[in-house]
Amino acid sequence: MFHISLKTVMVGTAVICLSATFVQESMAAAASCPSPIPFGLTTALTGNLALLGTQARNGVEFAVDEINAGGGIAGKTIALATEDTGASSTDALNAMNRILEGKPVVIFSSMISPHVFAQTEGVTKSETPFLVGATNAKVTAQGSKWLFRTHVHDGQLADLIPEYLVKSLGKTKPGIMAVADDYGLGASKGIQAALAKLNVTPVAVTSYAPSDKDMSAQLLEIKDKDADSLILFGRPADVTLVMKQMGDLGIKLTTIGNASMVAQTTLNNLSASEADGNYAIGGMIPQTSTDPHILNWAKRVQDKYRVPADNFTVSYYDTVYLLKSIIEKVGCDKPAIRDALAATKDWKGMLISYQADPQGDLAHTLGIYRNKGKTPELIGPIKESGF
Amino acid sequence: MGQLVVNGLALGSIYALVALGLLLIFNTVQIVNFAQGQLLMLGAFIGISGAVTHELPVAIAWIVTMAAMALIGIVFMVLVYFPLRGRPPFLVILTTIAMGIVLENLALIIWGPLPVSLPSPVRGAPLRFAGVVISMHQLFIFATLAAILLLQFLLLTKTRFGILMQATAQDLHTARLVGIPVNRTIAVAFAFGAMLSGVAGLLVAPIFLAEPTMGGSLGLKGFVVSVIGGFGNLPGAVLGGLFLGLIETFGARYISSNFRDAYAFIVMIAVLVAWPRGLFGEKSSEKV
């Protein structure tokens, strides 16, 4: 025989009533939503930025599929419309116009800043919450109150990388190498400015075109100028080539860069000796987590898309869940979603907590990593200055 | 300095290989195949599928790739060249550009966007002397280029097939009238041209990684090299390739790495202004 005390019954009843209240509130808020709830995404799925763009697609789509499989948002499924931007800003603008025709409740755009710059005016005029991972620091300085960024940006990295290199690793003669596009050259300028504040002058500042395959000339220049370290800023594919060519040329320098240094796509193509000892500061990656749920998530993403999840995948995945929690509270009224995004405080995502600043940046925690052989290890999270 | 020379020559050898494939087709049908770079990319990925995905011995993966590329070359000819034969050449050229885009996207669908590496068929510690490092793979690239140049030279000048190709290139209709199997000759040219791109892809993938968009830039450089060397000239293509590799490497080291790609086109324009037929181009006469 089971004996249920009056106290247990009362507590149980209270919990059920409380839960029902929350569900009702959520249902009431989501009642303002169309069914299905239209979300829009533009990202690069073809062209030379496809590897980056698919990370955004994978993060958003994976979260949407999970939410829909779990019953959607208060019973309403999400209908995700995706448009390919290719590698061109003009195509990005056209893709956004097609997305806007579907009158989505929210729009995600890629991490490619020139695309986001091209799209911002149109999205702002449509008064739709616009969530991006674009890394150029100026993306959120465009004055759009509809634009929010949920990934760390170059400005944060440009401050932290030189500081860590000089103060923690004790290196004072760095060479700089960056991919010659909006992403790399913007970071290179920021890094030079941050080094100047630390009274350090780089011995060489070099770059390479995104399509370049041979970076040996730049590496030899940095070596010939007697650098004691290398600051490397690029995409996983070209960072891999630089690391391989350093190994081929026998150049051994303490190397620090963005998250590409520890991305699984980079490490898969390097030997242990080529990868070992390299540092990275950037968005948090799932592979170094000790949480089995997160590791399992990373495995499921890899199995589904044949592309390892990276910092961008995590960021876009988190963004969808952040929106889910907001829509459950405020419904699908766009100004209300925007206001809730602007008021985000300590919303816990997969690896970091998100907090909105006045400009619309929500990510302020980065990871410092060091490769042990081909395995990245998290040295620790680091907060952006002022957070 | 020595290291820059070695690396410049290795890079130039890749450009030269792309140009040799380009020339083989040009010398037969007088068409510039702007999808040559994408054929290179296909060669790299087929090699990776064999050696990495299916874990075949690298040598077997190379043979499989060569056979596949020959077939792809013929399919390419059937889809791109035959339907537009006899039309203005620019139509065929535009179609090769379109086909390049199709191949790039096809590769993206089949292999995904991830960059992948292919093991080199040669192993061993790099050679080092006077501070200069030469990897075994770089030596293999030099040797392969020399062998292909020699074979292609012998094929075109010393074999019956080479003479048939030249006759086809000079006048397709007359060649057919005198009994030359024109279609078969063109098919072999496309098959060999694609195989040469496949070799270039197999040589590039161990050092530059393979990704769907890798062919665009390399194909364009192959075209630049052909123009610099003199379109249709085999030694010109090789010397043009080596020259461009050195220019790019030294330019990136001593002028600025920001304009590395621009050097190729600046040199091409300068050569065209000074020598309109390229450095080794032969004077040609046109039928009236």
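**Crossing helices and their neighbours**

Analyst: α6(B) and α8(B) are roughly perpendicular to each other. This is a predicted model, where local features need pLDDT of at least 70, side-chain atom pairs count only at pLDDT 80 or more, and totals for chains, interfaces and linings use all residues. Residues are numbered from 1 along each chain as its sequence is written, with chains lettered from A and ligands numbered from 1 in the order in which they are written.

User: Why are α6(B) and α8(B) called roughly perpendicular?

Analyst: Their axes, which are lines fitted to C-alpha atoms over the stretch in contact, cross at roughly 105 degrees. Angles run from 0 to 180 degrees between N-to-C directions. Under 35 degrees counts as roughly parallel, over 145 as roughly antiparallel, 65 to 115 as roughly perpendicular and the rest as oblique, so this pair is roughly perpendicular.

User: What makes the contact between α6(B) and α8(B)?

Analyst: Phe161(B) and Leu164(B) are among the residues from α6(B), and Ile186(B) is one of those from α8(B). Being in contact means C-beta atoms, placed from the backbone, within 7 Å.

User: How many residues of chain B are in contact with chain A?

Analyst: 26, and they meet 30 residues of chain A. α1(B) gives the most to that side of chain B, with four residues.

Methods: Helices (H or I, at least four residues) and strands (E, at least two) are DSSP runs, numbered from the N terminus. Two residues are in contact if their C-beta atoms, placed from the backbone, lie within 7 Å.
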